[in-house]
Amino acid sequence: MNYELTHLRTLESEAIYVMREVAAERERPVLLFSGGKDSIVLLHLAHKAFRPASIPFPVMHVDTGHNFPEVIEFRDRRVAELGVDLIVASVQESIDRGRVVEETGPRASRNRLQTVTLLDAIAEHGFDAAFGGARRDEERARAKERIMSFRDEDGQWDPKAQRPELWNLYNGRIHRGEHARVFPLSNWTELDVWRYIAVEELEVPSIYFAHPRKVFRRDGMLYAVSPYVQLLEDEEPFETSVRYRTVGDMSCTGAVRSDADTLPTVVAEIAATRITERGETRADDRASEAAMEDRKREGYF
Amino acid sequence: MPREADGNGARADLLADAQADLLRIATAGSVDDGKSTLIGRLLYDSKAIFADQMAHIEEVSRRRGDGYVDLALLTDGLRAEREQGITIDVAYRFFATPRRTFIIADTPGHERYTRNMVTGASTADLSIVLIDARKGVLEQSRRHAFIASLLRIPHLVVCVNKMDLVGYDQAHFAAIEDEVRAFGARLEVPDVTLIPISALHGDNVVERSQRMPWYEGPPLLYHLEHVHVSADRNLVDVRFPIQHAIRPRDPEHHDFRGYAGQVAGGVLRPGDDVVVLPGRGRTRIAALDGPEGPVDAAFPPMSVVVRLEDELDVSRGDVIARPHNRPAVTRSLEAHICWMTDAPLHQGDRYLVKHTTRTVRARIAEVVNRIDVNGGSRHHGATELGLNDIGKVSISLSAPLMVDAYARNRTMGSLIFIDEATNETVGAGMISGVEAGTDAWKTSVARSPDVVWDAGGLTRERRWSALGVRGATVWFTGLPSSGKSTIAAAVEERLVAAGIPAYRIDGDNLRHGLTGDLGFDADARAENVRRAAEAARLLADSGTVALVSLVSPYESDRERARSIHTGDGLPFLVVFVDTPPEECARRDPKGLYARARAGEITGFTGVDDPYERPEAPDVVIASDSVEAAVEKVLAQLAL
């Protein structure tokens, strides 16, 4: 034996180590689970990290109410399989309680409102650590973020005052009212995530595979026709074969034209792509040059 | 149900691509030495820069009026960095070739950001230092190489960049190589490779340059793909810091007790004899469960769950090692540290220290020196270390840590300092001067200043030096009537005659007082050993050589006695008086063997109660005369 691990197994062990550190040191962690590919991998790793015991923390979904129904169906089925508690933090409730004001117009999105709902839920449940599936390859501000990332009492991130993160010695110490965001998949790329899903034969929501869908073109992206988006005058819906690279709100997540309807063909497509997943499919990052940094400072995922 | 792969061929390709291993690289440098251009080229040529990212940085560069595409924008992701045009914090970038995947920790090069450089270097397998061919080895290059060396990154690649600006001249490169080799000889880097490149034109980056036929080595990417790093891990010394106890609550697994952690060193296998430190006892590995299920071997950096054959009192922060190869268990240590916060570190300051999975309180006993990061020279007499300073300190700890020297094991030898008031990480430490193995106590005594935690009183060091003494404990174990007490008394006689304070603690005598309330079952014997060990520790601490003669039949009890001492920085020797049972029974001055064999007394070691032979005694006395036995003990004691 040569006692070597492949890079995927190295990343897997690193992520499991991070999750166990947090479970051992923090009192009330929570895992943020959207039903998207990254959080599917995250939840699978949590299962591996603690088995045969059950996952020692609940999972939480910040539900904008504008999700793809296929994803919500998958979410409920997956948490039931693993026997974990699911907390749904609802953006609609935040709107109803007057915590946030809904955007209006054809480009309205609940993306930014999620931050308030997320921070309210973290405070309400007293969570002191929240696992997220964010990766450093996704976006330039995320490339700078620590695996164990500190949030102050207002849930805010200060990119200039990050704790040095040395070796595998994570400092997750916080004062009451503060919390840590923890990103065990920091060092994974999109391709790593898909290869891992393929190797581990994980189920993912059906919208990740090519399927016929009614879409329309806006700002160079293909959006699904849904009750949550108003069409502009010149926008003509048409049906074509698409799949999703990311799973977010129907209002701000674009589809890509694709015939990839199996895991190997999806992996092959991702390996060959010349455009980043967020660049291709996420309107929320296009607001400004530092759109992600600004939202992260406020407490976004 | 998961989607099925469409045909075996596609699936095989998928898995083949997933077989690459991982190399972590740290780069340090500033904008003008071409580091960003080099990283940009590696990313671009390996197709890790996407079209939309490229379009974005082209647009930003144009808007700023740069006149060229600034590849630094790829890694300088924060608003402040882009506004000021500098790298402040570490950025992580990823690229892959069919052979390997790479993580680049791109760190700022300026002295002001030494702490960020140390952060990026802490996890790296390989570091890349750039030298401008026109300028040769600068102070900055030396600093980058020195930090790579201090952090024990085993592979250093020095890219002599901008060869195009010196006419691709071999003599020019040779002169720089001589200079690098000269200062490289003083570094702790086993593998230094120099490559002449032009990042701008791509010479020797991905493709071999046609313009430097005199260079016979590989281009940079080929070197990165092939450099052998798996041997850098320590596969010899078994070290498994326990993170978390796995105790399922469901009835199906209610007997399951597992200990989760990431292997920090060595190879663990089911059936291995192990010891759990500090002083939790000996057992064997019952089973190992990896992320994919049960495994026959666990090695770094695998995350696994270890099941043990016996139920010991094990918790987070304990370390599993092999009985004959264990880390030092110590309350005082020396470390090189990099200070990372504005408020300077002073002698006497207190912090939390996190080491593997254990966090303890620590006090800075002494600032030993401050090291010039540009030249590597040491300045004694420093009393504080400021932001970005590197120096050596001695530390005393409120509870023992199980450590190895950083040079031997980066995981077991590293620690961070945390300010308890702010919770900030304020320093990084690399433990020096502790040797792994069963004789760890020797080094901890020779090197540690033995400053006790109670800083208000007389320190052990002062007491010992003022009285001219050195304390230690010698533990004589063996069957009843094996001759332990006779030899211990003879050693005592010799030491006292030489003016060295020595005192004998005899098991039988203890039972008349300190341990008079105890019986002879396993628990009572354990407590008996504990009290004897604690009493011996106090004597040793006072500067006396404590000579304990006690049957102490169980290895786990003796291990505990050892850790009571080594945990306090005191020397501890086990002397195994290995007299055959029949000889002991023949001597039997108190007639106990005869009574035990007649069934009059029970629980008698060697008759109806087991004696576990010590696995790794420091001295074995077999058929030696008493005089020879005394010489053996004194030689090993080396006072």
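In chain B, the element with the lowest mean pLDDT is helix 9, residues 440-447, at 34, whereas strand 7, residues 240-241, has the highest, at 98. By pLDDT I mean the predictor's confidence in each residue, from 0 to 100. Helices (H or I, at least four residues) and strands (E, at least two) are DSSP runs, numbered from the N terminus. This is a predicted model, in which local features need pLDDT of at least 70 and side-chain atom pairs count only at pLDDT 80 or more, while totals for chains, interfaces and linings use all residues. Residues are numbered from 1 along each chain as its sequence is written, and chains are lettered from A and ligands numbered from 1 in the order in which they are written.

Chain B averages a pLDDT of 84, with 91% of the residues scoring at least 70. Over residues 435-456 of chain B the pLDDT is below 50, and it also stays under 50 over residues 1-12 of chain B. For the complex, the predictor gives an ipTM of 0.92 and a pTM of 0.76.

I turn to the interface between the chains. Contact here requires C-beta atoms, placed from the backbone, to lie within 7 Å. On that basis, 63 residues of chain A touch 65 residues of chain B. Helix 1 of chain A contributes the most to the chain A side, with 12 residues.

Within chain A, the domain assignment, which is automatic or from a database, gives domain 1 (7-193 + 290-298) and domain 2 (206-286). Their centres, taken over C-alpha atoms, are 23 Å apart. Between them, 21 residues of domain 1 are in contact with 19 residues of domain 2. Helix 3 (69-82), helix 6 (190-199) and helix 9 (291-298) of chain A each give two or more residues to the domain 1 side.

Which of its residues are buried? They are A:Val71, A:Phe74, A:Arg75 and A:Arg78; buried denotes 20 or more other C-beta atoms within 10 Å of a residue's own, exposed 12 or fewer, and partly exposed in between, with C-beta atoms placed from the backbone. Seen down the axis of helix 3, these residues fall within an arc of 105 degrees, so they line one face of the helix; the arc is that of the directions from the helix axis to the C-beta atoms. They pack against helix 2 and strand 2 (59-63) of chain A. The face turned away from the buried side carries the exposed residues A:Pro69, A:Arg77 and A:Ala80. After helix 3 comes A:Gly83, with a positive phi near 65 degrees.

How values were computed:
Contact = placed C-beta atoms within 7 Å.
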